[in-house]
Amino acid sequence: MGYYECPRCGSKDSYQGTEHVLHEKRGNQITMVNEAGMAMTRETGDGTEQVELMVVKCRNCGESLGQKDYRLTEAEIAAEEAQNARERRKQQKKIFRWHEIQMKWVVVPGIVICGIFLLIEFLKSIF
Ligand SMILES: [Zn+2]
């Protein structure tokens with residue numbers, strides 16, 4: 001797992017807190033999703049519902065932290081790079097395969113047809 005870095009004070013110490021938000025219900029039930037991607041909805045009656053939000057905050061200054069403040073650890077960066085390299089290799093293999101197919105089904109028959117054509121011309125010139 002990575003960590004959150006506070007944009008205000010630079011602290012890497014964060015905690016997950018819960019925030020309650022009251023909001024008016026309009027028609028269908030609305031589910032609010034915060035930056036951390038988690039939300040809970042609870043009805044309190046008379047068209048107002050209480051929404052419970054999971055928020056990540058800086059332990060040092062209380063700043064709300066979001067996905068943009070999320071930092072990967074070195075191990076995760078390395079893992080991601082390895083994954084990207086694997087994807088690239090797969091892509092290159094696919095391109096190579098395509099060249100192989102082209103070679104088999106386009107270039108080789110082309111050479112054969114040219115060969116036959118030249119052979120006919122050669123035979124024509126003899127007889
Ligand atoms: Zn902070």
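**View 1. The whole chain, with its confidence scores.** pLDDT is the predictor's confidence in each residue, from 0 to 100. Here the protein chain averages 84, and 83% of the residues score at least 70. This is a predicted model, so to speak of a local feature we need pLDDT of at least 70, side-chain atom pairs count only at pLDDT 80 or more, and totals for chains, interfaces and linings use all residues. Residue numbers start from 1 along each chain as its sequence is written. Going from the N terminus, the elements run β-β-β-β-β-β-α, which gives one helix and six strands. Helices (H or I, at least four residues) and strands (E, at least two) are DSSP runs, numbered from the N terminus. Among the elements, β5 has the highest mean pLDDT, 92, while strand β3 (residues 39-43) has the lowest, 61. Where pLDDT is low, the predicted coordinates should not be read in detail.

View 2. A residue is buried if 20 or more other C-beta atoms lie within 10 Å of its own, exposed if 12 or fewer, and partly exposed in between, with C-beta atoms placed from the backbone. (A nonpolar core is a set of buried Ala, Val, Leu, Ile, Met, Phe, Trp, Tyr and Cys residues joined through C-beta atoms within 7 Å.) Two residues are in contact if their C-beta atoms, placed from the backbone, lie within 7 Å. Skipping its neighbours within four places in sequence, C58 is in contact with C6, R8, C9, S11, S14, E63 and L65.

**View 3. β2 alongside β4.** Strands β2 (residues 14-24) and β4 (residues 48-58) pair in the antiparallel sense over 11 bridges. To count as paired, two strands need at least two bridges found by DSSP. Along the way, T18 stands opposite M54 in β4, and E24 stands opposite T48 in β4. Of the 11 residues of β2, the number buried is zero, so the strand lies largely in the open. Take E19, which sits in β2: with 12 other C-beta atoms within 10 Å, E19 is exposed. Leaving out residues up to four places away in sequence, E19 touches L53 and V55.

View 4. β5 (residues 64-65) pairs with β4 in the antiparallel sense over two bridges, and V56 stands opposite L65 in β5. The hairpin has five residues between the strands, and G62 takes a positive phi near 85 degrees there. In the loop between β5 and β6 (70-71) you'll find G66, which counts as partly exposed with 15 C-beta neighbours inside 10 Å. G66 and E5 are 61 residues apart in sequence, yet their C-alpha atoms are 9.5 Å apart in space.

**View 5. Helix α1 and its kink.** Helix α1 (residues 74-126) has 53 residues and reaches 75 Å from its first C-alpha to its last, close to the 78 Å expected. That expected span is 1.5 Å times one less than the number of residues. Where is the kink in α1 centred? Look at M103, where the kink is about 40 degrees. The bend at a residue is the angle between axes fitted to the seven residues ending there and the seven starting there. None of the 53 residues of α1 is buried, so the helix lies largely in the open.
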